[in-house]
Amino acid sequence: MPVNAARRNRIGIVGGVGPYAGLDLMKKVFDHTRAGRDQDHVDALLFSLPSEIVDRTEYLEGREEQNPAQAIYSVLSQLEEAGATVAGIPCNTAHAAPIYDQILEKLDAGGHQITLLHMIRETVAYIQTALPGLDKIGILSTTGTYRSRIYQDALESASYEVITPSGEMQEEWIHPAIYDPQYGIKSRSNPVHPRALANLESGLNFLEQKGAEAVILGCTEISMAFQVPAGSHIHAIDPSLVLARALIRHAFPEKLKSL
């Protein structure tokens, strides 16, 4: 049931798209809200239903037949029913066109009023405004995001030069750092396995050597677990943080902290 437009704003978060992705986004919303007491914080809802949302990369690679768009749409519908007026999906890969476009079509067909923010577009807009003068942007991500070119296309449309790991590095180092059942961040997130961190640092070094001035940590697992080493000249961009700030700006602009 669509939300009445007169209802008070509430932020909705689609959880279940990474072991801690929803919690991480919620924390960042709280961290970037102006608040002097409990009652000053924003109203926010997190629905985490991981058993219902199939893996996004597996779908994009053809190893999963079911489009996760239906399950994500269902979560968004439930968030709206509970009062959410604006929502975000803390999963980069879910913004690939075969998934995201289906979500939008279902929301439109159902007459929903909830506003769904696009994390990739918000990230590119952030780079343009907060980091002016940059020309070369690197990306570390899942293979689903890598192959779908969601960041490459958005950045190139904004006249950036995009630098990504080689195909071999992506398959043998970056993607396993996230997905490997023995040491990947999805299976070993607290604490993160040293091998996963080493793989990601190798990827960062590769991008920096190729001239990247900033790197997008284009997977929620990467942005939660990996930090650019001290002394590096490369800017780290966390799309989950960008999304958190965009959600606050959309629903409660007066409560957004300055960077």
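**Group meeting: a walk through the chain**

Let's start with a sheet. Four strands form an open sheet in the order S2-S1-S3-S4, and the pairing is parallel. Its edge strands are S2 (44-48) and S4 (115-116), each of which pairs on one side only. Strands here are DSSP runs of E with at least two residues, helices are runs of H or I with at least four, and both are numbered from the N terminus. Two strands count as paired if DSSP finds at least two bridges between them.

A word on the model. This is a predicted model, where local features need pLDDT of at least 70, side-chain atom pairs count only at pLDDT 80 or more, and totals for chains, interfaces and linings use all residues. Residues are numbered from 1 along each chain as its sequence is written, and side-chain values use heavy atoms, with hydrogens and water left out.

Back to the sheet. Strand S1 (residues 11-15) runs parallel to strand S3 (residues 86-88), over three bridges. Gly 12 has Ala 87 in S3 as its bridge partner.

Now step past S3. Pro 90 sits in the loop between S3 and helix H4 (97-109). Buried or exposed? Pro 90 is buried, at a relative accessible area of 0%. The cut-offs: buried is under 20% relative accessible area, exposed is over 50%, and partly exposed is in between, with a 1.4 Å probe and protein chains only. What does Pro 90 touch? Leaving out residues up to four places away in sequence, its contacts include Ile 13, Val 14, Met 119, Thr 220 and Leu 243. Contact means heavy atoms within 4.5 Å. Gly 22 is on the list too. The C-alpha atoms of Pro 90 and Gly 22 are separated by 6.4 Å, yet the two residues are 68 apart along the chain.

Next, strand S5. Of the six residues of S5 (residues 136-141), five are buried, so the strand is largely enclosed by the rest of the structure. S5 pairs in the parallel sense with strand S6 (residues 161-163), over three bridges. There, Lys 136 has Glu 161 as its bridge partner. S5 also pairs in the parallel sense with strand S7 (residues 214-218), over five bridges. In S7, Gly 218 is the bridge partner of Ser 141.

Now some backbone details. Arg 149 lies in the loop between helix H6 (143-148) and helix H7 (150-157). Its phi is near 60°, a positive value in a residue other than glycine. Arg 149 is partly exposed, with a relative accessible area of 32%. Ser 159 lies in the loop between H7 and S6. Phi of Ser 159 is near 75°, again positive in a residue other than glycine. Ser 159 is exposed, at 66% relative accessible area. Then there is a cis peptide bond, which joins Asn 190 and Pro 191, with omega about 5°. Pro 191 is in the loop between helix H8 (167-179) and helix H9 (194-209).

Last, the whole chain. It has 11 helices and eight strands. The radius of gyration is 18 Å, close to the 18 Å that the globule rule gives for 259 residues, so the chain is as compact as a globular protein of that length. That radius is taken over C-alpha atoms, and the rule is 2.2 Å times the number of residues to the power 0.38. Of the 259 residues, 50% count as buried. Among contacts between residues at least 6 apart in sequence, 74% join residues at least 24 apart.
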